[in-house]
Amino acid sequence: MLLDGKEMKKLLDFIKSKKHNKKLELTYGCPGFLGLDYEKEVRKHYFYCRTGINVASILYNGDLFVCPNVPRLKKLIQRNIRTDNFKDVWDNKYKEFRSKDRTKSDTCEKCEYWEYCLGGAYHTWNFEKNEQNKCPYNMIYGK
């Protein structure tokens, strides 16, 4: 289930309105850059996808993978914990995910907020089209 832009804005405005409520702390944990009106207002940090930067996972069969929320694409498997040393793999194989341009696309790179968003989250990325499936910023602001 995915909210549309109007619903998303309503949710973010609600969370923002409760920012100073001592009894109920709300935070937005979903991915994507939300625009400067919402970043740091609805969560404690600016959005940044940490896939392969400080998040990795080990799949049921021992495959060393990126964030567990990312689609299980073979090309994202780095090695296997049963045959490879995790530290060596972490230091040498995850490098492609640490590039600022890892989710560069024509659409994202032209956006005025590229430097903040860097293409969004890997788990909402469309690897076939090389673009974000749904850009939260564009949804909220109707771009």
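Colleague: In what order do the three strands of the open sheet run?

Modeller: Heads-up: this is a predicted model, where local features need pLDDT of at least 70, side-chain atom pairs count only at pLDDT 80 or more, and totals for chains, interfaces and linings use all residues. Residues are numbered from 1 along each chain as its sequence is written, and side-chain values use heavy atoms, with hydrogens and water left out. Strands (E, at least two residues) and helices (H or I, at least four) are DSSP runs numbered from the N terminus, and two strands pair if DSSP finds at least two bridges between them. The pairing here is antiparallel, and the order is β1-β2-β3.

Colleague: Which are the edge strands?

Modeller: Look for strands that pair on one side only. That picks out β1 (57-58) and β3 (79-80).

Colleague: Which residue of β2 is the bridge partner of Ile-58?

Modeller: β1 and β2 (residues 63-65) pair in the antiparallel sense over two bridges. Across from Ile-58, the partner in β2 is Leu-64.

Colleague: Which residues of α1 are buried?

Modeller: Helix α1 covers residues 5-17. Buried means under 20% relative accessible area, exposed over 50%, and partly exposed in between (1.4 Å probe, protein chains only). On the other side of α1, Lys-6, Lys-10 and Ser-17 are exposed. The buried ones are Gly-5, Met-8, Leu-12 and Ile-15.

Colleague: Within what arc do those buried residues of α1 fall?

Modeller: An α-helix has 3.6 residues a turn, so residues three or four places apart point the same way. Here the arc comes from the directions from the helix axis to the C-beta atoms. The buried residues of α1 line one face of the helix, because they fall within an arc of 90°.

Colleague: And what do the buried residues of α1 pack against?

Modeller: Contact means heavy atoms within 4.5 Å. By that rule, the buried residues of α1 pack against α5 (136-141).

Colleague: Is Glu-39 buried or exposed?

Modeller: Glu-39 sits in the loop between α1 and β1. Leaving aside residues up to four places away in sequence, Glu-39 touches Gly-32, Phe-33, Leu-34, His-45, Tyr-46 and Phe-47. With a relative accessible area of 2%, Glu-39 is buried.

Colleague: Which residue's backbone nitrogen does the side chain of Glu-39 reach?

Modeller: A polar contact is a pair of N or O atoms within 3.5 Å; within protein, one must be able to donate a hydrogen and the other to accept it, and residues adjacent in sequence count only if both atoms are side-chain atoms. At 2.7 Å, the side chain of Glu-39 reaches the backbone nitrogen of Leu-34.

Colleague: How many salt bridges does the structure hold?

Modeller: A salt bridge is a side-chain nitrogen of Lys or Arg within 4 Å of a carboxyl oxygen of Asp or Glu. One of them joins Asp-91 and Lys-87 (2.6 Å, N to O), which are four residues apart in helix α2 (residues 86-92), about one helical turn. The structure's count is nine.

Colleague: How many residues apart are Glu-115 and Lys-100?

Modeller: Their side chains meet in a salt bridge (2.7 Å, N to O). Glu-115 is in helix α4 (residues 114-117) and Lys-100 is in the loop between α2 and α3 (106-110), and the pair links distant parts of the chain, being apart by 15 residues.

Notes: Expected span 1.5 Å × (residues − 1).
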